[in-house]
Amino acid sequence: MERIGIILLGPPGSGKGTQAKELEKKFGFVHISTGDLLRKAVREGTPVGKIAEKYMREGALVPDDVILKLVNEALDGVDKFVLDGFPRNTSQAEKLDDMMREKSGKITKAILLEVTDDEIVRRLLARRVCPSCGRVYNLITSPPKDDNKCDVCGVQLIRRSDDNEDTIRNRLSVYRNETAPLIDYYERKGILVKIDAEKSPDEVFNAIVRVIGAH
Ligand code: AP5
């Protein structure tokens, strides 16, 4: 059976993780987030985590060899997936093409979530996450019911260490220099779709569903 994947492309805070989780819940896509895999490795103090930590703290890209190994493992045995935060540069995109050839897979769409820089900074400064279950909140648009505690686990929410203004600006600049060239890359392949991601999460989700309607 052919593996089918979609890519969520977009700057930090554009809602890739939010939308990927919905696609997993409602349509059974396996959510592969390189950011989540790396944060888990850092928490567990694995060799990958030790390498990744300093790059992530600065908002720089973790070296490709580390990322490619993680993605290759995550794709094992998975036949319908959504990639969130990968690929992040042209070299990773080319390696993904190789992986798809080896694993009889196909990327059907690269969906670009478009959001302005001001909105990104607003969203990321207000993002809080549950350190226990990973649920993502936003103090402005999707706050927890009870003062800064996870609705599910009841534990105190935290701010990601890279969600401070300096690191956010650096992540945006890395996005522009390294990741934005992928817009052309996937446009040339004829699979790029742009979505206005400044709308509400539900409206963005409905737009994505229209794009991937065939799955
Ligand atoms: P990663 O975790 O991938 O971070 P990112 O790309 O910066 O994206 P974010 O997770 O910050 O945002 P998102 O788009 O998922 O938005 P979210 O849905 O949470 O990477 C972190 C680091 O790991 C990198 O800097 C790098 O060091 C390393 N790394 C990861 N992958 C790598 C790779 N492939 N190669 C090399 N290094 C790699 O939403 C954000 C907030 O907005 C939330 O509070 C949410 O509730 C809210 N929100 C979402 N949608 C909406 C909406 N429509 N309206 C209003 N609010 C919304």
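Me: Which residues does Val78 touch, not counting residues up to four places away in sequence?
Reply: The model is a predicted one. In it, Val78 sits in the loop between helix H4 (64–75) and strand S3 (80–84). Leaving aside residues up to four places away in sequence, the residues that Val78 touches are Arg3 and Val30.

Me: Is Val78 buried or exposed?
Reply: A residue counts as buried when its relative accessible area is under 20%. The relative accessibility of Val78 is 10%, so Val78 counts as buried.

Me: How far apart in space are Val78 and Ile4, C-alpha to C-alpha?
Reply: In sequence, Val78 and Ile4 are 74 residues apart. In space, their C-alpha atoms are separated by 9.0 Å.

Me: How far apart in space are Ala180 and Gly10, C-alpha to C-alpha?
Reply: Ala180 belongs to the loop between helix H7 (165–179) and helix H8 (181–188), and its relative accessible area of 22% makes it partly exposed. Ala180 and Gly10 are 170 residues apart in sequence. From C-alpha to C-alpha, the distance in space is 8.0 Å.

Me: What is the distance in space between Ser142 and Glu102, C-alpha to C-alpha?
Reply: Ser142 is placed in the loop between S6 and H7. With a relative accessible area of 35%, Ser142 is partly exposed. Ser142 and Glu102 are 40 residues apart in sequence, and their C-alpha atoms have a spacing in space of 41 Å.

Me: How many aromatic pairs does the structure hold, and why is the pair of Phe27 and Phe205 classed as it is?
Reply: The structure holds two aromatic pairs. In the pair of Phe27 and Phe205, the ring centres are 6.3 Å apart and the planes stand at 35°. Planes under 30 degrees apart would count as stacked and over 60 as edge-to-face, so this pair is tilted.

Me: Which parts does the pair of Phe27 and Phe205 tie together?
Reply: Phe27 lies in helix H1 (residues 16–27), whereas Phe205 lies in helix H9 (residues 201–211). The pair therefore ties together parts that are 178 residues apart in sequence. Those parts are H1 and H9.

Me: What kind of pair do Tyr185 and Tyr186 form?
Reply: Both Tyr185 and Tyr186 are buried. Their ring centres are 5.0 Å apart, and their planes are at 80°. Planes over 60 degrees apart meet the cut-off, so the pair is edge-to-face.

Me: What do the buried residues of H6 pack against?
Reply: Helix H6 (residues 117–125) has Glu119, Ile120, Val121, Arg123 and Leu124 as buried residues. The buried residues of this helix pack against strand S5 (127–129), strand S6 (136–138) and H7.

Me: What is the form of the peptide bond from Phe86 to Pro87?
Reply: Pro87 is located in the loop between S3 and helix H5 (90–102). The bond from Phe86 to Pro87 has omega near -5°, and its form is cis.

Me: What is the phi of Ser104, and what is that of Asn148?
Reply: Ser104 lies in the loop between H5 and strand S4 (105–114), and Asn148 is in the loop between S6 and H7. Ser104 is partly exposed at a relative accessible area of 44%, and Asn148 is partly exposed at 22%. Neither is a glycine, yet each has a positive phi. The value for Ser104 is about 50°, and for Asn148 it is about 60°.

Me: How many helices and strands does the protein have, and what is its radius of gyration?
Reply: The protein has nine helices and seven strands. A compact globule of 215 residues would have a radius of gyration near 17 Å, and the protein agrees with this, so the value asked for is 17 Å.

Me: What share of the residues counts as buried?
Reply: The protein exposes about 11000 Å², of which carbon and sulfur atoms supply 49%. Of its 215 residues, the share that counts as buried is 47%.

How values were computed
Residues are numbered from 1 along each chain as its sequence is written. This is a predicted model: local features need pLDDT of at least 70, side-chain atom pairs count only at pLDDT 80 or more; totals for chains, interfaces and linings use all residues. Side-chain values use heavy atoms; hydrogens and water are left out. Helices (H or I, at least four residues) and strands (E, at least two) are DSSP runs, numbered from the N terminus. The radius of gyration is taken over C-alpha atoms; the globule rule is 2.2 Å times the number of residues to the power 0.38. Buried means under 20% relative accessible area, exposed over 50%, partly exposed in between (1.4 Å probe, protein chains only). Accessible areas come from the Shrake-Rupley method with a 1.4 Å probe; for residues, only the protein chains shown count as cover. Rings of Phe, Tyr and Trp (its six-membered ring) pair if their centres lie within 6.5 Å; planes under 30 degrees apart count as stacked, over 60 as edge-to-face and the rest as tilted. Contact means heavy atoms within 4.5 Å.
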